Amino acid sequence: KRPAGAPDRALARPVTKIGVIGAGLMAAQMALLFAQRLEVPVLMTDLDQERVDKGIAYVQGQLAELQTKGRITQDTANKLSALITGSTDKAGMADAEFVIEAVFEEISVKKKVFAEVEEIVSPECVLASNTSSLSLTEMAADLKHPERVVGFHFFNPVAVMPLVEIIPGEKTDDASLATAFAVGKGLKKTTILVKDSASFIVNRILGRFMGEYSKIVDEGTPSAIADQGVAGLAPMPPFVLLGLVGPAIALHNSETLHRAFGDRFYVSPSLQKLVEAKGAAYDPAMQIQPDN
Ligand code: CAA
């Protein structure tokens with residue numbers, strides 16, 4: 001069955017190669033899932049070799065774990081490992097039909113990345129963004145082909161969370177949108193069509209939940225007690241979820257929502273202080289290993 005609002009799937013273009021921009025935790029998880037489910041080559045890039053190596057090492061670690069658990073054979077691990085390559089050079093994405101970015105959550109950075117990719121790929125290549133809060137219309141605004149930009153928002157952990165939010169910008173055309181839905185289907189994810197508004201659906205709802213949690217803690221309740229308060233209601237204690245999402249991302253989400261919807265959304269001063277103290281790019285989610 002076609003997801004509500006999705007364009008005719010006959011319009012979808014084939015995807016035989018995927019580019020992933022960024023080699024952080026979300027990017028590496030995505031690269032692995034693309035290779036596993038779509039069985040296509042995936043090129044993952046980042047600014048320097050150290051980051052690329054870290055992303056590839058994460059993929060290798062996950063493959064080793066899947067093998068230990070008996071989920072995949074040595075042969076499959078080798079095949080998947082060969083499908084996923086890393087580089088500091090995006091030139092190898094020239095023949096990709098779907099490129100997704102998972103770089104720093106800042107509109108100017110995302111726009112710059114898309115402008116660079118546009119010089120390399122074909123005009124039909126879908127430019128997808130894993131943004132959790134930013135406007136796709138704005139992200140596409142200065143491109144030569146804004147009609148191929150689409151939001152494709154995964155949740156952490158990518159292998160386990162069933163949903164992908166698909167967000168068209170103002171100019172996104174049906175073929176690009178249909179391609180995004182086809183990729184989501186190939187990944188065996190539930191895909192929903194979401195309006196291009198601040199933090200979309202899931203993070204807007206999560207923003208209220210985490211905002212009230214932060215407010216309760218800021219008002220003096222220890223986080224361990226607040227966590228116990230919602231045990232059973234949420235799959236993960238909010239404090240642990242904060243670590244999984246990363247304080248910088250959680251703060252950015254609450255600030256985006258506060259700007260868009262005002263005082264309904266709480267921006268926690270203690271979260272602000274924590275992120276400031278560790279630097280803007282601080283993201284402990286990078287240090288959280290699976291199954292910890
Ligand atoms: N990568 C791959 N697999 C993972 C994993 C990871 N990082 N973490 C857990 N898993 C797998 C485990 O291997 C296990 O698989 P099997 O059952 O097949 O062995 C399965 O998930 C369940 O894990 P566990 O039994 O260890 O633990 P659990 O039952 O507590 O489930 C969880 C773990 C699925 C992460 C669960 O705690 C959960 O759903 N948490 C909420 C996560 C969430 O809300 N994520 C959204 C964050 S918001 C976001 O990402 C959006 C954004 O833009 C900021």
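Two residues are in contact here if their C-beta atoms, placed from the backbone, lie within 7 Å. With that in hand, here are some notes on this predicted model.

1. Let me start with R37, which sits in helix α1. Setting aside neighbours within four places in sequence, R37 is in contact with G186, L187 and K188. R37 counts as partly exposed, because 15 other C-beta atoms lie within 10 Å, and a residue is called buried at 20 or more and exposed at 12 or fewer. The C-alpha atom of R37 is separated by 22 Å from that of S87, 50 residues apart along the chain.

2. K188 is found in the loop between α6 (174-186) and β8 (190-193). Its phi is positive, about 65°, although K188 is not a glycine. Most residues other than glycine have a negative phi. K188 is exposed, with 10 other C-beta atoms within 10 Å.

3. Is F200 buried or exposed? With 22 other C-beta atoms within 10 Å, F200 is buried, whereas K188 is exposed.

4. There is also a cis peptide bond to check, the one from N156 to P157, with omega near 0°. P157 has its place in the loop between β6 (149-153) and β7 (163-168). As background, most peptide bonds are trans.

5. Back to helix α1 as a whole. Eleven of the 14 residues are buried, so α1 is largely enclosed by the rest of the structure. The buried residues are L25, M26, A27, A28, Q29, M30, A31, L32, F34, A35 and Q36. What covers them includes β1 (18-21), β2, α2, α3, β3 and β4 (98-101). Just after α1, E39 takes a positive phi of about 55°.

6. Helix α2 (residues 49-68) has 20 residues and reaches 28 Å from its first C-alpha to its last, close to the 28 Å expected at 1.5 Å a residue. Its buried residues are V52, G55, Y58, V59, Q62 and L63. Seen down the axis of α2, these fall within an arc of 130°, so they line one face of the helix. The face turned away from that buried side carries the exposed residues Q49, E50 and T68. Cover for the buried residues of α2 includes α1 (25-38), β2 (42-45), α3 (74-83) and β3 (84-87). Just after α2, G70 has a positive phi of about 80°.

7. Which elements do the buried residues of α10 pack against? They pack against α7, α9 (238-245) and α11 (269-278). The residues in question are A248, I249, A250, L251, H252, N253, S254, T256 and L257. The 15 residues of helix α10 (residues 247-261) should span 21 Å at 1.5 Å a residue, and the end C-alpha atoms are 21 Å apart, which agrees. Just after this helix comes G262, with a positive phi of about 75°.

8. Now for the overall layout. The protein is divided into domain 1 (9-193) and domain 2 (204-284), and their C-alpha centres lie 27 Å apart. The contact takes five residues from domain 1 and seven residues from domain 2. On the side of domain 1 that touches domain 2, there are one nonpolar, three polar and one charged residues.

9. Finally, the record. An unreviewed UniProt entry annotates residues 17-196 as "domain: 3-hydroxyacyl-CoA dehydrogenase NAD binding". In the model that span is 41% helix and 19% strand, with its end C-alpha atoms 27 Å apart. The unreviewed entry also gives "domain: 3-hydroxyacyl-CoA dehydrogenase C-terminal" for residues 200-278. Over residues 200-278 the chain is 72% helix and 0% strand, and the end C-alpha atoms are 28 Å apart.

Terms used. Residues are numbered from 1 along each chain as its sequence is written. This is a predicted model: local features need pLDDT of at least 70, side-chain atom pairs count only at pLDDT 80 or more; totals for chains, interfaces and linings use all residues. Helices (H or I, at least four residues) and strands (E, at least two) are DSSP runs, numbered from the N terminus. The expected span of a helix is 1.5 Å times one less than its number of residues. The arc is that of the directions from the helix axis to the C-beta atoms. Domain bounds come from an automatic or database domain assignment. Ala, Val, Leu, Ile, Met, Phe, Trp, Tyr, Cys and Pro count as nonpolar, Asp, Glu, Lys and Arg as charged, and the others, Gly among them, as polar. UniProt positions are given in the numbering used here, feature names are shortened, and annotations may be inferred rather than shown by experiment.
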